Structure formats: structure tokens, C-alpha cells
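This note is written for a student who is reading a protein model for the first time. Please keep the sequence and the structure in view while working through the points.

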Amino acid sequence: MTKGARTRQTILDAAVAMASEGGFESLSIGALAGRVGMSKSGLFAHFGSREELQIAAIEAAAARFADLVFAPALKAPRGVPRIEALFQHWLTWVERGGWGGGCPLQAAALEFDDRPGPVRDAVIAHFLRLEKELGRAVQLAIGEGHFRAELDVEQFVFDLFAVVSAAYYRGRLLDDDSTRQRAQRAFANLIERHRTAPTMH
């Protein structure tokens, strides 16, 4: 990494942490410059506008998500074991990322869901990639014979999102101690509902 690339990465790490705490609307050249101990002009040299900064921060959060959720899950065998690994890593990625303010990408989805523009497009791109990769994992599980061939892949992905979204809401907003246990139970029920029936001998 060049010095410029390292500085940019430091800025983006701080930007994602800041967005985790206050949303991507909290990001500004001035506020972030103060957080990382740079001048506004120094930070402006890396990001020419607030919008460019927001998009880069969303892409950095998405890359971190891929590193913490998908990369380790790919080490698990194809099929249900890999889907289970994806779910477990997804459920805990915020804590492992070191952010105390919640999922930055979930925050972005809520902030920009009805605000057309390049920032919203970056958020949509992340979630479409996520749905596509989850769908691919489900297809592999069907191919491995772990799930029934007629399984509705898009519905499975939707239901999986619903479990994680409920976990975010109950865990963060309600501070419910039973959240993790309930999420695990809901996920286990989802898996069992679609498993291939055991072969009778």
C-alpha cells in the first residue's frame, strides 16, 4: 500500500465507524477531518465531495462485510454447512468489525431507501450482490441434495433477511437478551423446513 492508499483507508475506516454511530448522513468532510486529525483540504484531496465520501464509505463497509462474512464462510463445505456459516458470521459481523453503533449497511438502507441518487445506488448494489451470493449458496445446497429441488430460492433469501433484520431490531432497539437465541431458532426452523426428506432404507 502506498502512503496515499493507507491514508485513504484510515479515513474510510473512520467514516464507516462514524456511520455506524450516526448514519451516513452524519458524514461530512469537516466532521471526518476532525475525527482523523486532518485538515479539511487534506481530506478533500482524497474525496472531492460529501457524496463521493459517502459512496466510498458504503463501498468500504460492503468490502468489510465480504471479508468478515463471506470469506470465512467459503471455507465451509458447500450446502447447508456453508449457509449456516454465512448466517453465523452475518449475525456477528458488526461486533467483529469493532463498531459499537450497529450495522452501517442496515443504517444506509434505512437512510437512503427513498432518496434517489448515486449514494442510494451504491447501497442497492451492495444488497443486490448480497442477495445474489446468498441465492448462489442456496442453489449449491440444492445441488448437494441438502434442500428440495423445488425450493423457492428467492423466498428462502427473503426469509433469511427477515431473520437477520429482526435480530438487528430486537437486539439494538429493544436490547432484548433473548434476541440471539430467537434468531438461531428461527434460522434452524428455516433450514429444517426446506431440507430434503431423509431417504428410507
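The numbered points below go from the model as a whole to single residues.

1. Basis of the note. This is a predicted model, in which local features need pLDDT of at least 70, side-chain atom pairs count only at pLDDT 80 or more, and totals for chains, interfaces and linings use all residues. Residues are numbered from 1 along each chain as its sequence is written, and side-chain values use heavy atoms, with hydrogens and water left out.

2. Confidence. The pLDDT is the predictor's confidence in each residue, from 0 to 100. For the protein chain the mean pLDDT is 92, and 98% of the residues reach 70 or more. Where pLDDT is low, predicted coordinates should not be read in detail.

3. Overall architecture. The protein chain holds nine helices and zero strands; helices (H or I, at least four residues) and strands (E, at least two) are DSSP runs, numbered from the N terminus. The C-alpha trace spans about 75 × 35 × 30 Å along its principal axes.

4. Annotated regions. UniProt, in an unreviewed entry, places the feature "domain: HTH tetR-type" at residues 5-65. That span is 77% helix and 0% strand, with its end C-alpha atoms 20 Å apart. The UniProt annotation "DNA-binding region", also from an unreviewed entry, covers residues 28-47; here the chain is 65% helix and 0% strand, and the end C-alpha atoms lie 10 Å apart. UniProt positions are given in the numbering used here, feature names are shortened, and annotations may be inferred rather than shown by experiment.

5. The interior. Of the 201 residues in the protein chain, 41% are buried (buried means under 20% relative accessible area, exposed over 50%, partly exposed in between; 1.4 Å probe, protein chains only). The largest nonpolar core has 67 residues, and those with the most contacts inside it include Trp90, Trp93 and Phe156. Such a core is a set of buried Ala, Val, Leu, Ile, Met, Phe, Trp, Tyr and Cys residues joined through side-chain atoms within 4.5 Å. Helix α4 supplies the largest share of this core, twelve residues.

6. Salt bridges. How many salt bridges does a search of the whole structure find? The search gives nine, a salt bridge being a side-chain nitrogen of Lys or Arg within 4 Å of a carboxyl oxygen of Asp or Glu. In one of them, Glu25 pairs with Arg50, with the closest N and O atoms 3.6 Å apart. This pair links distant parts of the chain, since Glu25 is in the loop between α1 and α2 and Arg50 is in helix α4, 25 residues apart. Glu25 is partly exposed at 32% relative accessibility, and Arg50 is partly exposed at 34%. Another bridge joins Glu192 and Arg195 at 2.7 Å, N to O. Salt bridges that share partners join Glu25, Arg50 and Arg115 into one network.

7. Two loop residues. Asp175 has its place in the loop between α8 and α9 and is exposed, with a relative accessible area of 59%. The phi of Asp175 is near 50°, a positive value in a residue other than glycine. Most residues other than glycine have a negative phi.
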